[in-house]
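Please walk me through this structure in the viewer, selection by selection. Begin with the whole chain and end at a single side chain.

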Amino acid sequence: MTSTLATKHTFLIVLFLGLFAMTVRNVTDPDVWWHLKTGEYIAQHKSVPHADPFSYTRAGAPWIAHEWLTELGMYELQRTTGFGGLILIFAALLATAFFLLYLRCGPAPYVAGAATLCAAWATAPIWGVRPQVLSLLLTSLWLLILERSERNPNLLWWTLPLTLLWVNLHAGFALGLVLSALFLAGEFIEKRLNFIPARHTHSRTAAFILFLDLLLVPLNPNRLRMFSYPIETLRSAAMRNYIAEWASPNFHHAEYWPFLLIILAAFATLSISRTPPRPRDLILLLVGLYASLASIRMIPLFVLIAIPFIAKLLGNWPHSDHPLRRVPSRTAFNAVIVLAMAIFASLRIAHVIDHQPEAEARQVPTRAVAFLQQHPPAGPIFNHYDWGGYLIWKLYPSTPVFIDGRADLYGQPLFHDFADAYQFKGPWQQILQRWRIQTVIVPPDSALAIGLQSAPGWTISYQDSQAIILTMQAHP
């Protein structure tokens, strides 16, 4: 028994040290910069903005800062610990989400561990310093509570403080409410099909607590708007058409193959299982599958649903007579393995944090923005979409941006204008004139950069391999 526990504990420690090391990522997401600036704005003004303060194209327009508490926390963490603190905390959040998933994968530690690694592999594209990570963590915790509440309904009361926290952290709070509703629907169907006794009272408690969860949603700076905002985001044409993560996954890209393998594994497991699946599990799988095929953002939801389902159906492996159960005590050997993994994790963490400046310089035009700080633009600027957040972080309030990652704020018409101007097609000239644009900062190989170099009145103020700044000297 002692050797078995030692082996199992060593396996778990190595697994989650490895996962933590894997989830450590540089701060490179293009949206992180405006998240940080929003947090700074909240800290300085002691209030959450309800109108856009960062752009001139949507200045004063209503804006739902649904991630306000996350942004405030990110800013304070970056201010006190630098980017290293952000990197470590978000890696820890991801590792915790996978640990909660591991707890749902059945009693066989090696099957559960392998399944957890598959889940990590499939969700890797969304890792990083991003508010969505908090929704991944809270979804993982919410599912654990819902599943274990079948044995202890009082666990559902924990969803109340979670709802209050989540609705102020991220609009993904709606996932928790939807999952609670799906569990209730599944329980209702199972009663009708005699999967569980009709006298089962769990559903009454669950329905009452879901009702209380809904009552807590308006307890945020945006009040009742948080009921409709998640739906508006899902239906936003600008989100679907211009934001890659809101599009359907393209299985021609290798990064989505692990997700495809999990889909195939789920159906294969269903086909070979000797016992029929619970109707509730089927409902969750189908809803999660539909959501994940409709939007890349929803892939983690399906993974969190499907992985425990697959792991549990695989059974309790290894069995008691498996060789792994008869390994003699190797405490010293296990300690060496754990120490080696700890050293590897530490070296990787140090490497990632040390190379944050280089990673930042590869993703955003640090030198071009430094030039703009020394030579502030005389008029409105037109900027590359992915650079809008960084420009906000570095140049606000002196230089508002044309566009940034807040697609829900800008809407479809402005995205059309941006696309036409950036691609140097259609009414590009009228767009620049309408917004009185006098400075353009875009990649040097973009159609707009190439076109403006031969357009009357435009001259190059700055250029490097990453960005070019063109300035209007005189109106045509």
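Predicted model: local features only at pLDDT ≥ 70, side-chain atom pairs only at ≥ 80, totals over all residues.

Residues are numbered from 1 along each chain as its sequence is written, and side-chain values use heavy atoms, with hydrogens and water left out.

**Whole chain.** Show the protein chain as a cartoon: it has 20 helices and four strands, taken as DSSP runs (helices H or I, at least four residues; strands E, at least two) and numbered from the N terminus. Its radius of gyration is 25 Å, close to the 23 Å that the globule rule gives for 476 residues, so the chain is as compact as a globular protein of that length. The radius is taken over C-alpha atoms, and the rule is 2.2 Å times the number of residues to the power 0.38. Along the principal axes, the C-alpha trace spans about 80 × 55 × 45 Å.

**Buried residues.** Colour by accessibility next: 53% of the 476 residues are buried, meaning under 20% relative accessible area with a 1.4 Å probe, protein chains only.

**Core.** The largest nonpolar core has 146 residues, and Phe382, Leu432, Leu452 and Trp458 have the most contacts inside it. Such a core is a set of buried Ala, Val, Leu, Ile, Met, Phe, Trp, Tyr and Cys residues joined through side-chain atoms within 4.5 Å. Select residues 68–103: this is helix α3, which gives the core its largest share, 14 residues.

**Phe382.** Which residues does phenylalanine 382 contact, leaving aside neighbours within four places in sequence? Among them are Tyr56, Phe402, Phe418, Leu432 and Leu448, with contact meaning heavy atoms within 4.5 Å.

Note on methods:
Buried < 20%, exposed > 50% of the residue type's maximum accessible area, 1.4 Å probe, protein only.
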